[in-house]
Amino acid sequence: MTMKKILIVTMTLALAAGCRRAEQKNAKPKAASAPTAVAATGTEVGAVMPEYSSLWLDGSAFELAKYRQNKVVLLNVWATWCGPCRFEIPELQAVHEKYKPKGFEVVGVSVDETGADGVKQFVAENKIAYPIALDAEGKLAALLETSVLPTTVVLDRQGKIVWKKFGAIMPNDPELIKAIESSL
C-alpha cells in the first residue's frame, strides 16, 4: 500500500471515529442498565433535551432553554485540538449562514480546558461566525453520554432532539439537512 493510500485510510478512520475525550477524573460511573439510563437522560432522538447551561465565550450566561425559544438549534460539542472538529467547521458555518434567516442557529460548545483566551483565538483565526459557549467541565458531553468529539444534536422549536451524530459532520450531509429543514 502506498504512503498516500495509508494516509487517506488513516484520515478517513479518524474522521469516522471522531476524537475521544479524556475521561474526567471525577466522572460518576454509568448505571448498569444502559437502555434505562439513556432513556432517563432524555438525550436520544425523539426526547426533549434536558436543561443545560454554561457560559458564552464573552462570559455571559448561556441557558439553552431561554436561548432556543422559537429557534431550531444545532448544538455541537467540540474542542480546538480535535481534528474532526476542525474538519467540520466549514460545514457548520455553511448551514448556520444558510438557515439562520429561517430561525436556525448553530451553537458550538467548546470542552477545551485551557480557558476562554485560547478558544477566542481559535475562533478568530478560523473566522467562526456562530456563537460559542464554554464547557471545560464537559457537562453537555456528560448529558449526551458521549466521549466522542465532535458530537452534535439538532433540537426542533419545541426542544425535541430530532438528529444526533457522534463524529464529524460531512459536507452536505443529507440527514443533517433533512433534520434542519423538517424542523424549520
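Contact here means that heavy atoms lie within 4.5 Å of each other. With that in hand, let's walk through the structure.

This is a predicted model, in which local features need pLDDT of at least 70 and side-chain atom pairs count only at pLDDT 80 or more, while totals for chains, interfaces and linings use all residues. Residues are numbered from 1 along each chain as its sequence is written, and side-chain values use heavy atoms, with hydrogens and water left out.

**Confidence.** The pLDDT is the predictor's confidence in each residue, from 0 to 100. For the protein chain its mean is 83, and 78% of the residues reach 70 or more. Residues 1–17 have pLDDT below 50, and this stretch has 7 contacts in the model beyond near neighbours in sequence. Residues 21–41 are also below 50, with 21 such contacts. Where pLDDT is low, the predicted coordinates should not be read in detail.

**The core.** A nonpolar core is a set of buried Ala, Val, Leu, Ile, Met, Phe, Trp, Tyr and Cys residues joined through side-chain atoms within 4.5 Å. Buried means under 20% relative accessible area, exposed over 50%, and partly exposed in between (1.4 Å probe, protein chains only). The largest such core has 46 residues, and F62 and L75 have the most contacts inside it. Strand β4 (residues 72–78) gives the most to this core, with 6 residues. Helices (H or I, at least four residues) and strands (E, at least two) are DSSP runs, numbered from the N terminus. Setting aside residues up to four places away in sequence, F62 touches L75, and also Y52, W56 and V107, among others.

**Helix α7.** In this helix (residues 174–183), L176, I177, A179, I180 and S183 are buried. Seen down the helix axis, the directions to the C-beta atoms of these residues fall within an arc of 160°, so the buried residues line one face. The face turned away carries exposed P174, K178 and S182. Among the elements covering the buried side are β4, α4, β5 (104–110), β8 (151–155) and β9 (161–166). At the start of α7, a side-chain oxygen of D173 comes within 2.8 Å of the backbone nitrogen of E175.

T80 sits in the loop between β4 and α4 (83–99), and S183 belongs to α7. Contacts in the table leave out residues up to four places away in sequence.

| Residue | Relative accessibility | C-alpha distance | Contacts |
|---|---|---|---|
| T80 | 14% | 9.9 Å to T114 | R86, D112, V119, F122 |
| S183 | 11% | 9.2 Å to K71 | V72, D156, R157, V162 |

Note on methods. Polar contact = N/O pair within 3.5 Å; in protein donor to acceptor, adjacent residues only side chain to side chain.
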